Amino acid sequence: MKNKKLRNILIIILIIIVFVGGIFAGKAIEARKYTEDGGSTTTQITETTVSTQTIENTLTSSGEVTSSETEKLDLSTSKYFNTMCVEENDIVKKGEKILKYSDGTYLKAEYDCLISSYSVPETGIKCTSSNYVEVKNMKTLQLNISVDETEINQIKKGQEVKIEISALDKSFTGKITSVNQAGTYSNSGTSFSAVVEFENDGNVKIGMSASCTIVLEKAENTIAVPIEAVQTNNDKKYVVVVKTDGTTENVTIETGISNDSYVQVTSGLSGGETIQMIKQTTTNSSKPKRNSSKNNSFGGGNMQMPSGNFGGGTPPNGMPN
């Protein structure tokens, strides 16, 4: 009898040790709920400190580099043609010679350009209005990008764009020069086109591929929390704040812009608070369905819970969106 009583006391002591250990090691608590198909949903609760972040909401797109301008250079109809100084697809720098007239003068490039085509008379024949040299501007290049209908109202002329040329491993800064107000419909939705221009450093070639990043919204050095920390209750957003004594409190917050990782907090937090984050992962299984109990925490199911509590308080009532 005494041995049984002693054994019970030892079991109680062991449970207390595990429980207390769960409190102090409660930076990462996991709960697992089994689904009817044999899979499971694991809920992990961790803690983090509220800090300041720079949050950017961006739009990304890609396109082909093209010339911003194609122009036909007229030849002097009072002069006689002598010879071409360049060939088609040659790149000519500003001031370089394009063709020579019989009187020893030259047609020169007014800007960096590519010779795309030309029509000239025979040597010694007078030039006419039908003769020309077609050039593509190589100093100012452009991209035609596609913008989804849900984001087109956030795009405007003059907006700054970061451009990455993968073939050169270089980045450039450009600007949106025009936005098409008529969209193109498809089964996946409507898209709009926009033109981005940037200055060539002499290394970018027409036809190269490029990716663009447009900053739609930006908040610098703002109080922010991870997305996993934000929960909702009756259309109100809140975070679970861990107090100094280990208990928790639901604190209502107002939010601003967000990105894939963080949400701006415009009121409710001042920075430095310890809050809980919740992350759920679901594992599917092809195993046969199993019976499950309906009286466990976190909405029923066969739940496996570790010892300890959630930061000294009660489990959060809501889950993040």
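D201 is partly exposed, with a relative accessible area of 40%. On the scale used here, buried is under 20% relative accessible area, exposed is over 50%, and partly exposed is what falls in between (1.4 Å probe, protein chains only). Keep in mind that this is a predicted model, in which local features need pLDDT of at least 70 and side-chain atom pairs count only at pLDDT 80 or more, while totals for chains, interfaces and linings use all residues. Residues are numbered from 1 along each chain as its sequence is written, and side-chain values use heavy atoms, with hydrogens and water left out.

So what does D201 pair with? D201 makes a salt bridge with K170, and the closest N and O atoms are 2.9 Å apart. D201 sits in the loop between β15 (189–199) and β16, whereas K170 belongs to strand β13 (residues 170–179), so the pair ties together parts that are 31 residues apart in sequence. K170 is also partly exposed, at 32% relative accessibility. To count as a salt bridge, a side-chain nitrogen of Lys or Arg has to be within 4 Å of a carboxyl oxygen of Asp or Glu. Strands (E, at least two residues) and helices (H or I, at least four) are DSSP runs, numbered from the N terminus.

## The other salt bridges

How many salt bridges does the structure hold? The count is five. One of them links K162 to E164, with the closest N and O atoms 3.5 Å apart. K162 is partly exposed at 46% relative accessibility, and E164 is partly exposed at 29%.

K218 and E220 form another, with the closest N and O atoms 3.5 Å apart. K218 is partly exposed at 46%, while E220 counts as exposed at 55%. Salt bridges with shared partners bring E56, K218 and E220 together in one network. As a general point, side chains of opposite charge can pair when their charged atoms come close.

## One aromatic pair

There's one aromatic pair by the rule used here. It's made by F172 and F198, whose ring centres are 5.5 Å apart and whose planes sit at 45°, so the pair is tilted. The rule pairs rings of Phe, Tyr and Trp (its six-membered ring) if their centres lie within 6.5 Å; planes under 30 degrees apart are stacked, over 60 edge-to-face, and the rest tilted.

This pair links distant parts of the chain, with F172 in strand β13 and F198 in strand β15, 26 residues apart.

## Sheet pairings

Four strands make an open sheet in the order β4-β10-β9-β6, with antiparallel pairing. At the edges are β4 (70–74) and β6 (91–92), each with a single partner strand, so one side of each has no neighbour in the sheet. Two strands pair if DSSP finds at least two bridges between them. β4 and β10 (residues 132–137) share five bridges in the antiparallel sense, and E71 stands opposite V135 of β10.

Elsewhere, strand β2 (residues 40–49) runs antiparallel to strand β21 (residues 274–283), and ten bridges join them. β18 is antiparallel to β21 too, with two bridges. I275 of β21 turns up in both pairings: it's the bridge partner of T48, and V241 stands opposite I275.

## A single cavity

A cavity here is a set of points, on a 1 Å grid over the protein atoms alone, where a 1.4 Å probe fits but cannot get out; lining residues have an atom within 4 Å of a point.

L73, I98, A109, E110, Y111, C113 and V135 form the lining. By class, that's six nonpolar, no polar and one charged residues.

Most residues other than glycine have a negative phi. N221, though not a glycine, has a positive phi of about 50°. N221 lies in strand β16 (residues 209–226) and is exposed at 63% relative accessibility.

D235 also has a positive phi, near 70°. D235 is in the loop between β17 (231–233) and β18 (236–242), and it's exposed, at 81%.

Conventions: 1 Å grid on protein atoms, 1.4 Å probe; cavity = no way out; pocket = protein on both sides within 12 Å on 5 of 7 lines; lining within 4 Å. Nonpolar A, V, L, I, M, F, W, Y, C, P; charged D, E, K, R; others polar.
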